[in-house]
Amino acid sequence: MRMGNPPLRFAQPIYVTRPLLPPLAELNAELEKVWASRWLTNGGEQHIALESELAAWLGVPHLSLFNNGTVALIVACQALRVTGEVITSPFTFPATPHVLSWNNVTPVFADIDPETMNITPATIEPLITGATSAVLGVHVYGLPCEVSGIDRLARTHGLNVIYDGAHAFGTTIDGEPVARFGDATMFSFHATKLFHTAEGGALALRDADLKVRVDLLKNFGIKNEEEVVLPGINGKMNELQAALGRVVLRHVDAERARRAQIAQIYRGRLGEMTGLRVVAMPKGVADSHQYLILRVDERAAGCSRDALQARLKRFNIVTRKYFHPLCSQYNCYRHLPSAQPDRLPNAHRVAAEVLSLPYYGALSDDDVHRVCDAVEYSLTA
Ligand code: T4K
């Protein structure tokens, strides 16, 4: 039974996320250097500096910046010459399978583990055929794939491994940065990401030669004034984006720490409620603090995820169903044999349960408690 008065409606929408905005004066100081240099793109000083600062922060040997994460993934596929079929997750943002289509490669959807919500060696292996060239895993919400098992499987079958780590900025496994696994890991620096450059992305790479190839491919394949050696694309990050990134990077640790506090409030308030679960990182995994995911078990909660989302909207709380519908349900993929719902039972169940709650450092404790009040109230409405 519902008790008491309904919680107050927020006067302004409370979004699922808001970008980290550093003090404008700090950004202006960097922009003044850009202005003085009259160098706006094509590998300027800000780009060079951000590339090395990020490689150090992420703990990866090689890094290449991009104008967004999607182009970075397209280039990773080109650089590794993936062809034929690539095994990937249906539980992701549309960019993941679309980069395969843009490379004339067929996505083959593997089911996900119901807990990690990622594809696993056990779901990948039966889908490997003579046409498979790579695995494109997604560290969804920053929860890492079973990286060692996938690496072993890939070695056995001679496959490349690419990770979509759009959500995994700062994820480590027993202290090991997640991007040290696989041939290439993409990070997205979109405005909605914990670390951002408004739009942007990067590839973390294991191999120095691969970095040379990637850098050529993102700059039209231009080697020098006389030679164009590959059919490349324009994937370059400009100096304004890089300057923003350098300033945002100084504030990322504080944002992560604040998000960790917010997560504690959510867990304390919602974690024990019947039918609700706040997704947590497995033991030994450092959280990227990208999303705060609630799983709603409709039967136990007495309320579906969709009903909860609609009720929260009445309080001006704008949540998101990352990732419903599944990519395998899109018109462009639903005809594929691997996209058939009976082959992806876990993915369908998980996609019906997940709800991304407001999660960003600028939320006050009071805001978070009010969101929790609204969730509690909505479940009994
Ligand atoms: N792989 C995965 C697994 C991904 O999640 C993504 C991107 C990619 C690949 C591709 O990476 P990029 O090429 O984008 O670098 C957002 C983002 O646009 C997208 O980057 C992200 N994933 C995805 C999960 O979320 P939408 O359609 O939800 O964005 P939007 O505009 O509805 O924004 C969400 C909320 O954020 C808004 O309700 C308010 C707030 N917001 C948004 C923007 C853009 C702001 O407060 N300020 C802003 O500037 O896709």
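Let's start with a pairing: β12 and strand β14, residues 292-296, run antiparallel to each other and are joined over three bridges. By pairing I mean that DSSP finds at least two bridges between the strands. The elements themselves are DSSP runs, helices being H or I of at least four residues and strands being E of at least two, numbered from the N terminus.

A word on what we are looking at. This is a predicted model, in which local features need pLDDT of at least 70 and side-chain atom pairs count only at pLDDT 80 or more, while totals for chains, interfaces and linings use all residues. Residues are numbered from 1 along each chain as its sequence is written, and side-chain values use heavy atoms, with hydrogens and water left out.

Back to our strands. They belong to an open sheet of three, in the order β12-β14-β15, with antiparallel pairing. The edges are β12 (276-278) and β15 (354-357); each has a single partner strand, so one side of each has no neighbour in the sheet. On average, neighbouring strands here are turned by 30° against each other, direction ignored. Helix α8, residues 239-270, packs on this sheet and touches β12, β14 and β15, its direction making about 160° with that of β12. For angles, axes are lines fitted to C-alpha atoms, for helices over the stretch in contact, and the values run from 0 to 180 degrees between N-to-C directions. Contact means heavy atoms within 4.5 Å.

Where do β14 and α8 turn up again? Each supplies at least two residues to the lining of the largest cavity. On a 1 Å grid over the protein atoms alone, a cavity is a set of points where a 1.4 Å probe fits but cannot get out; a pocket is an open set with protein on both sides within 12 Å along at least five of seven lines; and lining residues have an atom within 4 Å of a point. Grid points are joined across faces, edges and corners, and a volume is the space filled by probe spheres set on the points. The count is three cavities of 30 Å³ or more, and the largest holds about 90 Å³ of space. Its lining includes Y141, A263, R267, L292 and I293.

Keep an eye on Y141. It sits in the loop between β4 (132-138) and α6 (147-157), and its phi is near 55°, positive although the residue is not glycine. Is Y141 buried or exposed? At 2% relative accessibility, Y141 counts as buried. The cut-offs are under 20% relative accessible area for buried, over 50% for exposed and partly exposed in between, with a 1.4 Å probe and protein chains only.

Now the loop between α10 (305-314) and α11 (345-353), which contains F323. As background, most residues other than glycine have a negative phi, and most peptide bonds are trans.

Next, helix α2, residues 45-58. Its 14 residues should span 20 Å at 1.5 Å a residue, and the end C-alpha atoms are 20 Å apart, so the two agree. That expected span is 1.5 Å times one less than the number of residues. Among the buried residues of α2 are H47, L50, L54 and L58. The buried residues of α2 pack against several elements, including α1 (24-37), β1 (62-66) and α8. After α2 comes G59, with a positive phi near 70°.

Finally, the largest pocket, with a volume of about 380 Å³. Which residues lie nearest its centre? They are F93, S188, H190, T192 and K193, out of 21 lining residues. The elements giving two or more residues to this lining are α3 (69-79), α4 (95-101) and β8.

One last stop is A286, in strand β13, residues 285-286. At 27% relative accessibility, A286 counts as partly exposed. Leaving aside neighbours within four places in sequence, A286 is in contact with G170, T171 and T172.
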